[in-house]
Amino acid sequence: MKKNLLLALLVLFSIGFPLFMSNDYLTHILIMAGINVILVLSLNIISGFAGQISLGHAAFFGIGAYASALLSMQGLPVWIAGIIAAVISALAGLLVGYPVLRLRGHFFAIATLGFGEIVHLIINNWVKVTRGPMGLSGIPRPESIPGLDFSQKIDYYFLILLLVILVIYLSNRMHKSKMGRALSAIRADEITARTMGVHVAYYKVTAFAWSAAVAAIAGAAYAHYVLFLSPETFKGAASINILLMLLIGGIGSVLGSVLGGLFITVLSEYLRAFAQYQMIIYGVLIVFVVIFAPKGLSGLLAKMAGLFGRWNKRGATNISN
Amino acid sequence: MVEFLQQTINGLVMGSSYVLTALGLTLIFGMLDMLNFAHGELLMAGAFIATTLVEVFHVSYLVAIPVSMLVVAILGVIMHRLAFHPLRNSERVNLLVSSLGVSIILQNAVQLIWGPDPRNLPSPFTNLQISFGGLGINQQRLFVVLVSILLIILLYYVIQKSKIGIAMRACAFDMDVAKLMGIKANNIIMFTFAIGASLAASAGTLLAPIFSVYPTMGVMATVKAFVVVLMGGVGNITGAIAGGFILGLVETYAAGYWSSEYKDVIAFVIMILVLLLKPAGLFGKQVQEKV
């Protein structure tokens, strides 16, 4: 009950915040943060819930962005193009996931890294379709719907907010479903999970396809907001950036994914002046988080809540004494 | 025919650099069950150190190679102590992630020190040609292949015959039993990191005069080395040697006769095929995992 109230307040705040602080720059950062949050949540499905580290997630982001942009430039409504892009990306996920996820161990990480490079190479070299390094321009905005006209940044913000809420809902539902429990078992120990009758390969591949589809939706949202795509955005460093956000936030946690996405997006804005040191700082952050705080921000938050709870309880017992 | 021979030599050059990079990776992978994503960065560091030695300190290229190998070996050990050793009892995935962090740090540190622009490492062999009939062979390419083969034979001998090599194989086979037999596992792991790092550095310094030297050159090297490791089978030295040369040759033929833009895609197609058809590697046996 208390949790629901908190959630409702949070949503109200997210809706109200940009209305009162109408500032294009701030709204822009919030939109980018929302897109990053969707990406991190999508990575969390395969790397958090299922425990399979993917190092090529920017590939699905790129597939979603380019597929949706190209389809809509052919005259398809943006809304339908976005959905088709998600389906294409899920199929690509199946194609990569099927051979690799049947295997145990680190093969998945290597294969996704390779896949990320392939997709970047194709986007960069298939000039006839993607216009290669020159970049793709002339992408249409989403068609307006009653009440929302997406040429306004603030309206686009609401769209992203809605998507973020949907993906959070999807993640939570998935985590609590039969599939979520199967994935938790796989993450803890594959051999034990298989012994208990969990169809390991099926669940891993399904989780990966979902993960790819959600990442593609983030890609479509990005493409129809920025209206210009360049291969640079989807290279290997972007995949690492998504993973970084997930690690900082807390791998496996939905709250952590949201926090991580927000935190790193805002931090990147502030570190812009120190752009050349930014990546080194991130590298050091990764090593530190893994060694000293493997549960990330959400783990720290839980620890703090635990301390607070204990302190509260102690206070209560003191009073009763 | 001449073109084919030319391509074969180029393939052997690429192949020998893949072998040198993959050997260290497969040793660590087999021993610690760890993917070291910072391995290619050691190759890059080796190339940069050699370039600085030659350009700034006017050291001869032939001296710069062993010096940079030594420096990078020390760098490899430091990397292990700071980023990997503290994680020895945690999940394997954490080691992978930590190595990603190290890779980002090294890449960007080098970029800060030397700048992002590509550089050239001058070598006394670059402009010399040997010709057989219509076939012209660049001496640097010949030098790369010869030195690589020498290093590979040396490593093979050390691992098969020397006491420390036997200890390394024991650790890779079963770390706990090796410890019980009185092997100082920590020292062996450090030694393995040092050897792997210096081999990667040798690949970097050997290839640098042919291609240019830039901070992100290690990324592709890491990826290719992983493909080679998978082709050969994890922890399999002979497999890595064969896999590296096969990949180098196939890639070069593909670039020569098909498309040079998509030659990097070949490596991944090979990798996916190997994982699909022979997941234990081209030369490995499928082993049932013990619980």
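User: Hi! I'm new to this one. What ipTM and pTM does the model score?
Analyst: Welcome! The model is predicted, and it scores ipTM 0.80 and pTM 0.82.

User: And what is the mean pLDDT of chain A?
Analyst: For chain A the mean pLDDT is 83, with 94% of its residues at 70 or more.

User: What about chain B?
Analyst: Chain B has a mean pLDDT of 86, and 97% of its residues reach 70 or more.

User: Back to chain A: which elements have the lowest and the highest mean pLDDT?
Analyst: The lowest belongs to helix α14 of chain A, residues 296–320, with a mean of 68. At the other end is helix α10 of chain A, residues 200–226, with 92.

User: Where in chain A is the pLDDT below 50?
Analyst: That happens over residues 317–321 of chain A. Beyond near neighbours in sequence, this stretch has zero contacts in the model. Where pLDDT is low, the predicted coordinates should not be read in detail.

User: How much area do they bury between them?
Analyst: About 3300 Å², and 84% of that is on carbon and sulfur atoms.

User: How many salt bridges and polar contacts are there between chain A and chain B?
Analyst: The number of salt bridges between chain A and chain B is zero.

User: New topic: how many salt bridges does the structure hold over all chains?
Analyst: Over all chains the structure holds four salt bridges.

User: Can you walk me through some? Which residue pairs with Glu190(A)?
Analyst: Glu190(A) forms a salt bridge with Lys204(A), and their closest N and O atoms are 3.1 Å apart. Glu190(A) sits in helix α9 (residues 190–195) of chain A and Lys204(A) in helix α10 of chain A, so the pair ties together parts 14 residues apart in sequence.

User: Are those two buried or exposed?
Analyst: Glu190(A) counts as buried because its relative accessibility is 7%, under the 20% cut-off. Lys204(A) is buried too, with a relative accessible area of 0%.

User: Which residue meets Glu251(B) in a salt bridge?
Analyst: That is Lys224(B), at 3.1 Å from N to O. Glu251(B) belongs to helix α10 (residues 237–257) of chain B and Lys224(B) to helix α9 (residues 217–232) of chain B, so to speak distant parts of the chain, 27 residues apart. Both Glu251(B) and Lys224(B) are buried.

User: What about Glu55(B): which residue does its side chain meet?
Analyst: Glu55(B) meets Arg119(B) in a salt bridge, 3.8 Å from N to O. Glu55(B) is in helix α2 (residues 39–55) of chain B, while Arg119(B) is in the loop between α4 (92–114) and β1 (129–132) of chain B, so this pair ties together parts 64 residues apart in sequence.

User: Last topic. Where is Asn36(A), and what does it touch?
Analyst: Asn36(A) is in helix α2 (residues 24–49) of chain A. Leaving out residues up to four places away in sequence, Asn36(A) touches Met245(A), Gly261(A) and Thr265(A).

User: Why does Asn36(A) count as buried?
Analyst: Because its relative accessibility is 18%, and buried means under 20%.

User: And what is the phi of Asp33(B)?
Analyst: Asp33(B) has a positive phi of about 50°, although it is not a glycine. Asp33(B) lies in the loop between α1 (2–32) and α2 of chain B.

Technical notes. Residues numbered from 1 in each chain as written. Chains lettered and ligands numbered in written order. Predicted model: local features only at pLDDT ≥ 70, side-chain atom pairs only at ≥ 80, totals over all residues. Heavy atoms only, no water. Buried area = accessible area lost by both parts, 1.4 Å probe. pLDDT = per-residue confidence, 0-100. Helix = DSSP H or I, 4+ residues; strand = E, 2+ residues; numbered from the N terminus. Contact = heavy atoms within 4.5 Å. Buried < 20%, exposed > 50% of the residue type's maximum accessible area, 1.4 Å probe, protein only.
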